[in-house]
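Hi there,

Here is the structure I promised to pass on to you. Have a look at it first, and then read my notes below.

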Amino acid sequence: MIFMAQDKPLKFGVIGAGKIGTFHTRTLANMKGVSLVGVCDPDLMRAQKLAWEHNCTPYSKPEELVGQVDAVIVAAPTQLHHQIGMYCLEHGVHTLVEKPIAVTMQEARDLIQCAKRQGLVLQVGHVERFNPAVVEAVKYIEDPRFITITRQGPYDGRMANISVVLDLMIHDLDLLYTIVPSEVVSIDAVGLSVFSPHEDIANVRLHFANGAVADVTASRASFERARFMHLFQPSGYVSVDFMNARVKTYRKEKPVIENMNDLTVTYPKVEKQLPITAEILHFIDCIKTAKTPAPSGEKGMKALDLALQICEKMNRFDIPKTGHLHTPRPLQAISTVARAAQAVLDETLGHLKGDDK
Ligand SMILES: NC(=O)c1ccc[n+]([C@@H]2O[C@H](COP(=O)([O-])OP(=O)(O)OC[C@H]3O[C@@H](n4cnc5c(N)ncnc54)[C@H](O)[C@@H]3O)[C@@H](O)[C@H]2O)c1
C-alpha cells in the first residue's frame, strides 16, 4: 500500500500503553499528517487514561483496533512482538515494532517474511539511530578502531524477564553495525544477575573482521543513568553523550602528538529533535514513499542475532538473591575479605597521618 504526499492523514494506533507506548502516543497525537485512532492495552484503565489524555479511543484487544488503522506501533512486552506484529502485518497494517524485533530468530524471520509478502513497511524501534547526537557524530566517523559504549540506569522490574543484553545493549549492537563496516568475528562476554533471574549487568568485547574492537557495557543495576560512546580512529576521537545529545571530537593536526594542545577539539552543534519524533517521521516517510526503513526488519534481526550469540556465549554469575535483608554488623562479624581490606585502608590512613607530621 503506497501513500502519496497529498493523501489523507495516516490513521495510526498504538498497541501497548505502558512506558514507551505513552511516549509514542503523545508524539503521534502532536504530529501533523497523522490521525491517532486509538491505543490498546489489556489493562483497559491504562488505555483509557492515555486515550483520554490524547483524544483517541481506548481498546483492550489489538483485534479491535487493527481494522481501523493504516499503521501501528507495537509497544507491548517483547515476548508479544511476534504474535501482535504478525497479526498487524497479516491484516495489512504497516508496523513499527519496538526493539528487540522479537525473542527468537525464527520469530524475527516470520515478521520480515510477512511484511515482504504483504508489501508493508516493517521498522524496528532502534531509536538511538535517530538520536541527533548520533546523527551528528556519524559525520566524523571514518575508520573506528576502538569503541567503548556504556549504557546504565536504575533497575525496573518490568524488564525482569529479559536479559539486559536484549533490553538495553541491543541499542548499541545495532549502532555498532551501523558505524563499523564489518562483521563480528569473536565475542567475549560476562553477565551478572543482580536483581532479576537474567543478566542485569553485561560486558562484552567484540572483535570485528576488519580489526576494530568494541567494548560494550550495559547495566540496569546502577543508580545513575549514563549513556556514552567513545570512538578512537587514526585521525582522532569522537565522543557521544546520548542522553544529553552532545558530541565532542578531536582531530590530530600533527603526525606526532606531544600533548593535548596538538589536537583540534570541536563541539559540533547538535540539532534539537526528539529521537522518537524523528523515528516516527521516518516510518511515515517510508510508508508514503515505499522506502525501506532504517532499521529494517533485517537490521533488527541482525542486532537480535548478535544479542542472542552474546547471551549464549556469556560467562554468567549470580549474586544470591534470597536470604535476609542486610543489617549493619560490627566489622569482626563480616568476612575475612572485608577485614583484610579494612586493614589495608587502616595502614594507608596511618601512613597518611604520619606524612602530615
Ligand atoms: N526504544 C526504546 O528506547 C525502548 C524503551 C523502552 C521500552 N522499549 C521496548 O518497548 C516494549 C515495551 O516496553 P515498556 O517499557 O513500555 O513496557 P511496559 O511494561 O511499561 O508496557 C507494556 C504495556 O503492554 C501492555 N500489554 C501487555 N500485553 C498486551 C497485549 N496483548 N496487547 C497490547 N498491550 C499489551 C501492558 O499492559 C503494558 O501496559 C518492550 O519491547 C521494550 O523492549 C523500547
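What follows is a short tour of what was found.

First, the ground rules. This is a predicted model, in which local features need pLDDT of at least 70 and side-chain atom pairs count only at pLDDT 80 or more, while totals for chains, interfaces and linings use all residues. Residues are numbered from 1 along each chain as its sequence is written, and side-chain values use heavy atoms, with hydrogens and water left out.

Let's begin with the ligand. The shell around the ligand holds 25 residues, and those that come nearest are Asp41, Arg46, Thr78, Lys99 and Arg158. A residue is counted as near if one of its heavy atoms lies within 4 Å of the molecule. Sorted by class, the shell has 13 nonpolar, six polar and six charged residues. Here Ala, Val, Leu, Ile, Met, Phe, Trp, Tyr, Cys and Pro count as nonpolar, Asp, Glu, Lys and Arg as charged, and the others, Gly among them, as polar.

Where does the ligand lie? Domain 1 (10–120) and domain 2 (129–273 + 308–317) both give residues to the shell, so the ligand lies between them. These bounds come from an automatic or database domain assignment.

Now for some polar contacts (pairs of N or O atoms within 3.5 Å). A polar side-chain atom of Glu98 is 2.8 Å from a nitrogen atom of the ligand. A polar backbone atom of Gly125 lies 3.2 Å from a ligand nitrogen atom. On its own the ligand has 850 Å² of accessible area, and the protein covers 83% of that; such areas come from the Shrake-Rupley method with a 1.4 Å probe. Two elements give two or more residues to the shell: α1 (19–29) and α4 (81–90). Helices (H or I, at least four residues) and strands (E, at least two) are DSSP runs, numbered from the N terminus.

Next, the aromatic rings. Rings of Phe, Tyr and Trp (its six-membered ring) pair if their centres lie within 6.5 Å; planes under 30 degrees apart count as stacked, over 60 as edge-to-face and the rest as tilted. The count comes to five aromatic pairs. In one of them, the ring centres of Phe12 and Phe283 are 5.9 Å apart and the planes are at 70°, so this pair is edge-to-face. Phe12 belongs to strand β1 (residues 10–15) and Phe283 to helix α8 (residues 275–289), so to speak two distant parts of the chain, 271 residues apart.

Finally, the backbone has some details to look up. Lys99, named above among the residues that come nearest to the ligand, is joined to Pro100 by a cis peptide bond with omega about -15°. Pro100 sits in the loop between β5 (94–98) and α5 (105–118). Another cis peptide bond joins Ala294 and Pro295, with omega about 0°. Asn55 is not a glycine, yet its phi is positive, about 55°.

Happy exploring!

Key: Polar contact = N/O pair within 3.5 Å; in protein donor to acceptor, adjacent residues only side chain to side chain.
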